[in-house]
Amino acid sequence: MRSTILFLATATFISILAMTGITTTPAATVSADKPLTIDQKVDSLLSIMTLEEKIGQMNQYNGFWNVTGPAPKGGDAERKYEHLRKGYVGSMLNVRGVKEVRAVQKIAVEETRLGIPLIIGFDVIHGYKTISPIPLAESASWDLEAIKRSSEVAALEAAASGINWTFAPMIDISRDARWGRVMEGAGEDPYLGSKIAVARVQGFQGSDLSSPTTIAACAKHFAGYGFSESGRDYNTVDIGTSTLHNIVFPPFIAANEAGVKTFMNSFNELNGVPATANTYLQRQILKKKWGFDGFVVSDWGSIVEMIAHGHAKDGNHAAELAVNGGSDMDMESSLYVAELAKLVKNNKVKEALIDDAARRILKVKFELGLFDDPYRYCDEAREKEVINSKENHEAVLDMARKSIVLLKNEGNMLPLKKDGQKIALIGSLAADKNSPLGSWRIAADDNTAISVLEGMKKYKGNTLSYAKGADVAIGETSFISEVKINTTDKSGFPEAIETAKKADKVVMVLGEIGFQSGEGRSRAHLDLPGVQQELLEEIYNVNKNIILVLNNGRPLSLNWADENIPAIVEAWQLGSQSGNAIAEVLYGDYNPSGKLPMSVPRSVGQVPIYYNYKNTGRPTEPAPDLVFWSHYGDEKNSPLYSFGYGLSYTSFAYSDLKIQNNYSANKKVIVSVELKNTGKVKGKEVAQLYIRDMYASVTRPVRELKGFEMVELNPGESRTIEFTLTAKELGFFDNSGEWIIEPGAFEIYVGGSSDAKLKKEFDL
Ligand code: BGC
């Protein structure tokens with residue numbers, strides 16, 4: 001009977017509750033046949049829930065036993081199981097697969113007093129089984145449609161596997177390539193980051209959240225996590241108001257406006273207060289100012305971690321601080337379920353806050369359609385049909401091609417000729433079927449990516465010889481273990497050198513293995529790990545015709561390669577179809593169009609390095625050799641490769657930059673530019689517009705991206721591109737977080753990277 005109660009979507013819902021003997025005081029008065037709104041249903045349900053049941057909705061457990069096997073015995077698992085059966089668990093994560101989800105959902109629906117279904121969460125970060133490029137790579141495409149499609153595919157597969165909530169997109173802006181989690185975000189820029197945040201939210205959630213092909217998204221990590229000091233994961237964050245409002249917040253604002261259903265807070269403290277208990281962030285900004293009406297989940301154990309942070313005295317205090325601070329759901333700290341009822345009884349926490357949190361969570365469950373049918377995501381036939389389908393692989397291949405960035409192509413080394421060439425392929429990453437899957441690929445099967453070796457073998461007109469050269473890491477690596485880098489074993493060098501000697505061209509695939517970036521995987525060095533640099537130089541000694549293909553989860557500073565190697569391709573970790581995409585680009589079947597979403601430093605010492613920096617009072621060299629200006633004595637200020645940079649097999653020219661300043665009349669400034677394909681093949685270019693607000697009450701960066709457009713042109717073809725600047729593009733947040741537009745002088749730059757030279761000025 002209980003399960004039936006909650007599937008009903010009409011006014012009869014309340015009367016049926018009454019029939020079961022459960023006394024209700026429905027908050028909403030309803031007429032007999034008018035369907036209830038979701039808010040009314042939530043209120044009705046809340047009115048019959050005990051305090052413990054409401055707190056239960058706020059409790060999330062990680063999968064803790066083999067769900068389809070016998071009930072867990074002993075200790076923690078037994079206690080958690082008991083909680084599940086009592087209705088003291090609102091959500092579970094890491095339970096996946098229709099069989100498992102159905103089994104766990106059945107307990108919630110059939111054994112608990114009210115039969116409230118669970119919301120099932122999972123880290124669907126860049127694909128579920130069919131893996132897309134890592135998010136940083138996808139962001140390099142600047143192709144919002146493709147990114148949206150990639151999230152759609154991820155949602156489709158996850159939803160077919162019983163999951164209805166992803167902990168993505170990760171929209172933390174970061175300027176620090178040492179931080180391992182840059183692979184998971186959209187890079188350094190708040191404008192690009194906001195557009196991508198929206199594309200991903202729309203991709204995951206679709207236009208109908210209750211469809212069994214879409215899932216709820218989660219904007220994370222709120223906030224400031226990408227600014228962890230010295231790039232060390234989980235580290236302290238101390239940033240000022242201007243950076244917080246203008247750099248960190250914009251993607252979260254955009255995700256909220258796009259209707260993201262949930263937020264996740266972050267492990268870090270922000271200016272002395274852990275994000276998890278940060279009333280300013282979660283209550284004042286997110287829920288009040290931005291009007292977010294979904295729920296906030298803590299990060300994994302971040303509530304209990306506030307004791308180690310030195311913010312909470314004990315678990316009881318941590319639960320109090322977190323709930324008062326606006327964290328609605330406790331991921332894996334087990335503190336809400338243990339402490340909240342006591343805290344309410346002792347008047348440390350208002351019951352209204354518990355109601356508010358439970359209401360937010362129940363609302364999302366209703367929106368997902370879980371009350372209409374808690375098993376709507378549990379269809380074995382769909383699971384079989386959807387996962388790893390041909391269409392999904394085509395979508396991630398498309399995304400992978402678009403994510404590749406051509407960094408250097410001296411003497412048109414690329415594309416490779418398709419016939420009669422002897423090609424040497426070198427590097428353990430070239431044959432690696434695991435690393436392209438990245439580190440967030442929990443559901444993917446190991447070794448399922450197409451390797452570069454496999455991709456290149458399909459081009460049969462050339463002779464391909466492969467030699468490993470050297471391993472990047474020693475032994476097996478996994479999601480939870482530290483990677484051990486090979487710093488000594490060069491036994492494969494002689495074979496690689498011999499292979500290279502005989503070749504016309506050498507393709508070397510070097511970089512990082514999949515588990516070297518991601519959570520907990522910060523690096524203090526940004527060069528090629530292990531003996532790979534030595535390998536590169538030794539091969540260069542015998543054959544200079546090298547194409548360096550980088551596989552990596554973060555920008556790497558490769559000054560020697562930039563100086564010496566004629567062609568460099570940034571191919572990140574591209575997911576299941578990696579090798580096919582790389583081979584197509586190397587052979588010119590796909591003309592690369594990616595642009596860097598993060599600056600590539602020349603040296604770790606330059607980090608944090610980003611294009612939208614502020615000018616100092618001494619920005620330029622006063623005279624050669626004079627020292628008192630803002631610079632390094634031993635390195636340039638500029639990055640090795642700039643934000644927005646990327647080449648093509650064709651070339652583009654920008655001209656005729658015009659500004660129509662109608663701001664006083666209709667609040668619009670129209671910028672137009674002529675873009676021409678000046679090369680010999682068809683190609684795509686991402687035309688970028690940057691502004692500089694020359695002086696302001698709070699100083700503005702030297703450049704800020706405020707528009708971009710991807711254009712495909714045939715050789716010789718031109719097109720006029722138009723950008724519109726409004727108050728949204730021309731203003732900024734002042735130090736009290738208010739959006740202001742100040743009159744004054746502006747510069748506009750348009751071109752193919754953040755170094756764009758074409759410039760015009762106007763006054764606002
Ligand atoms: C990560 C989150 C993730 C969560 C659940 C945490 O360690 O920081 O991003 O969603 O685990 O797996």
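Two bridges join β1 to strand β10 (residues 330–331), and the two strands run parallel. Two strands count as paired if DSSP finds at least two bridges between them. Helices (H or I, at least four residues) and strands (E, at least two) are DSSP runs, numbered from the N terminus.

This is a predicted model: local features need pLDDT of at least 70, side-chain atom pairs count only at pLDDT 80 or more, and totals for chains, interfaces and linings use all residues. Residues are numbered from 1 along each chain as its sequence is written, and side-chain values use heavy atoms, with hydrogens and water left out.

## Around strand β1

Stay with β1 (residues 59–62). Asn59 and Tyr61 point one way from this strand. Gln60 and Asn62 point the other way, and all are buried. Buried means under 20% relative accessible area, exposed means over 50%, and partly exposed lies in between (1.4 Å probe, protein chains only).

Gln60 stands opposite Met331 in β10. β1 also pairs with strand β2 (residues 91–93), in the parallel sense, over three bridges. There, Asn62 stands opposite Leu93 in β2.

## The whole chain

The chain has 24 helices and 25 strands. Its radius of gyration is 27 Å, close to the 27 Å that the globule rule gives for 764 residues, so the chain is as compact as a globular protein of that length. This radius is taken over C-alpha atoms, and the globule rule is 2.2 Å times the number of residues to the power 0.38.

The C-alpha trace spans about 85 × 65 × 50 Å along its principal axes. Buried residues make up 62% of the 764 residues. Now take the contacts with a separation of 6 or more: residues 24 or more positions apart account for 77% of them. Contact means heavy atoms within 4.5 Å.

Strands of a sheet pair through backbone hydrogen bonds, either parallel or antiparallel.

Three bridges join strand β6 (residues 262–265) to β9. Phe263 stands opposite Val296 in β9.

Leu425 stands opposite Tyr466 in β13.

## Two helix pairs

Two packed helices are described by the angle between their axes and the distance between the axes. Axes are lines fitted to C-alpha atoms, for helices over the stretch in contact, and angles run from 0 to 180 degrees between N-to-C directions.

| Helix pair | Angle | Axis distance |
|---|---|---|
| α13 (residues 315–324) and α14 (residues 335–345) | about 80° | 9 Å |
| α5 (residues 75–86) and α6 (residues 98–111) | about 50° | 7 Å |

α5 is therefore oblique to α6. α13 and α14 are roughly perpendicular to each other. Angles under 35 degrees count as roughly parallel, over 145 as roughly antiparallel, 65 to 115 as roughly perpendicular and the rest as oblique.

Who touches whom? By class, the contact of α13 with α14 has eight nonpolar, two polar and two charged residues. Ala, Val, Leu, Ile, Met, Phe, Trp, Tyr, Cys and Pro count as nonpolar, Asp, Glu, Lys and Arg as charged, and the others, Gly among them, as polar.

In the second pair, Tyr81, Leu84 and Arg85 in α5 meet Val104, Ile107 and Glu111 in α6. That contact has four nonpolar, no polar and two charged residues.

## Backbone details in the loops

A cis peptide bond joins Phe222 and Ala223, with omega about 0°. Ala223 sits in the loop between β5 and α10 (241–257). Another cis bond joins Leu414 and Pro415, with omega about -5°. Pro415 sits in the loop between β11 (405–409) and β12.

Asn347 is not a glycine, yet its phi is positive, near 60°. Is Asn347 buried or exposed? Asn347 is exposed, with a relative accessible area of 70%.
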